[in-house]
Amino acid sequence: MYFGRIPRFSPSFSPAEAMIAARFLAVPPEDQPAVRAFEKEFASYIGAKHAIMTPSARYAFYLLLRAMDIGPGDEVVIPGLTYFAIPSMAVTAGVRPVFADIGLTSHVLDPAEFERAITPKTKAVVPTHLYGTPCDMDAINAIAKKHGIKVIEDCAQSTGAKYKGTRVGNLGDAAYYTFGLTKNITTLSGAMITTNDDAVANFVRNEIDTSTPADFKKARKEAITGVAMMVATHPLVYPFTLHQAIRLGGLVGKDPIHDRFGEAEVLYDEVPKSFRSNRPRAVQAAVGMKQIERIEALNGARVRNGRYLDQHLANVPGLTVPSYPEGAEPIYMSFVVHHQKRSQLMRALLKRGVDTTYGYMNDCSDHKLFPQFRRLCPNAAAVKREQVHIPVHPNLDGKDLTHMVEAVRSACLEISR
Ligand SMILES: Cc1ncc(COP(=O)(O)O)c(C=O)c1O
């Protein structure tokens, strides 16, 4: 219970996992057995034949393009609303990103727009299960099959979500996930690829195994940040510390959390060495092992909270709530509503103790990094302009949810005047 002061997010990292990280950082064991054990566990959780741990999801995507022999002269269809690093890696690989629009309220790739974006050069599509919501995979797979296009699922925000009973990541040719501190499960940085394709798995495994291991600095920094976030978002601490910092920051137009977790949006001529030479360590795998034991409970709490918000925010004047493709079983990584007066709504909510964010996803179809790939995606543009992420993390209880719903109702009423 947060006593009416609700943080936008709270890490899934627990004190038990902090202890494991401390132990593994103090006396580092051999990496390979721990990493292989986590990969095996993860593959079995997803239901895929192979799982290979990678330093980041963006490098995973880059490796998958290479593994599938997709390169200069080829095109890949990517939803307009996504994380900039994915189209950025396509550009690094010499591949043209072709942006296709999303569903306005589902926030995920619109199958009809995917089909419209296909040309004879299209080699792959990236259905991005954004905000924890699975894409309409039957439609996407049917179109991909008709045109002979590879399907690379982006599961960075949806580990554990299902589509028609099958976990995402097991619905296309290959998939990638990421486990940063703000994700639904964390390995203190690090990511994963899953695939049922032996050749793709062998290619990726070889690239990863011949890179150099990550140094401990990153995992140590992430563990310290995780502990700091755990403490700072604790119900007995948050209302008097971080919440006050956010409120004060708001008065001078600053957002300390956004600034801490944001990153410079840049393009690379080649994959930076720091991306390539970060073979995951035993400490990341050990934390991941513990997280996978808890993933059903963590996601289950998100689903409970998300469904409550679906139900109770459905008829608030001026507010648009999310929708889900038929057959999607979302894990509510984010609960994204839209409002035409976005800034006013966020300020009115903060006044009522509810901290929100507009997140890090961009309309890449109209972004300064990709001027030569600009393509009209009106829904992605509208979401970018109007989205507000309402807290949905597992640490919220019934009282927090009731408070939030009341806060959203009264904030919407106030700004409608
Ligand atoms: C949808 C999506 N795809 C890809 C990524 C990139 O992940 P990474 O930072 O591990 O490269 C992110 C990161 O948050 C993401 O949200």
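**The seven-strand sheet.** I followed the open sheet of 7 strands and got the order β1-β10-β9-β6-β5-β2-β4, with mixed pairing. Strands here are DSSP runs of E with at least two residues, helices are runs of H or I with at least four, and both are numbered from the N terminus. Two strands pair if DSSP finds at least two bridges between them. β1 (50-54) and β4 (96-100) are at the edges with a single partner strand each, so one side of each has no neighbour in the sheet. On average, neighbouring strands of this sheet are turned by 25 degrees against each other, direction ignored.

**One pair in it.** I checked β5 (residues 122-125) and β6 (residues 150-154): they run parallel and are joined by 2 bridges. Ala124 has Lys150 in β6 as its bridge partner.

**Where this comes from.** This is a predicted model; local features need pLDDT of at least 70, side-chain atom pairs count only at pLDDT 80 or more, and totals for chains, interfaces and linings use all residues. Residues are numbered from 1 along each chain as its sequence is written.

**Helices on the sheet.** I found α3 lying across β1, β6, β9 (174-178) and β10 (191-195), at about 165 degrees to β9. α4 lies across β2 (75-79), β4 and β6, at about 170 degrees to β2. "Across" rests on contacts (C-beta atoms, placed from the backbone, within 7 Å). The angles run from 0 to 180 degrees between N-to-C directions, with axes as lines fitted to C-alpha atoms, for helices over the stretch in contact.

β7 (residues 162-163) pairs with β11 over 2 bridges, and Lys162 has Glu329 as its bridge partner in β11.

**The whole chain.** I counted 15 helices and 14 strands in the protein chain. The C-alpha trace spans about 55 × 55 × 40 Å along its principal axes.

How values were computed
Contact = placed C-beta atoms within 7 Å.
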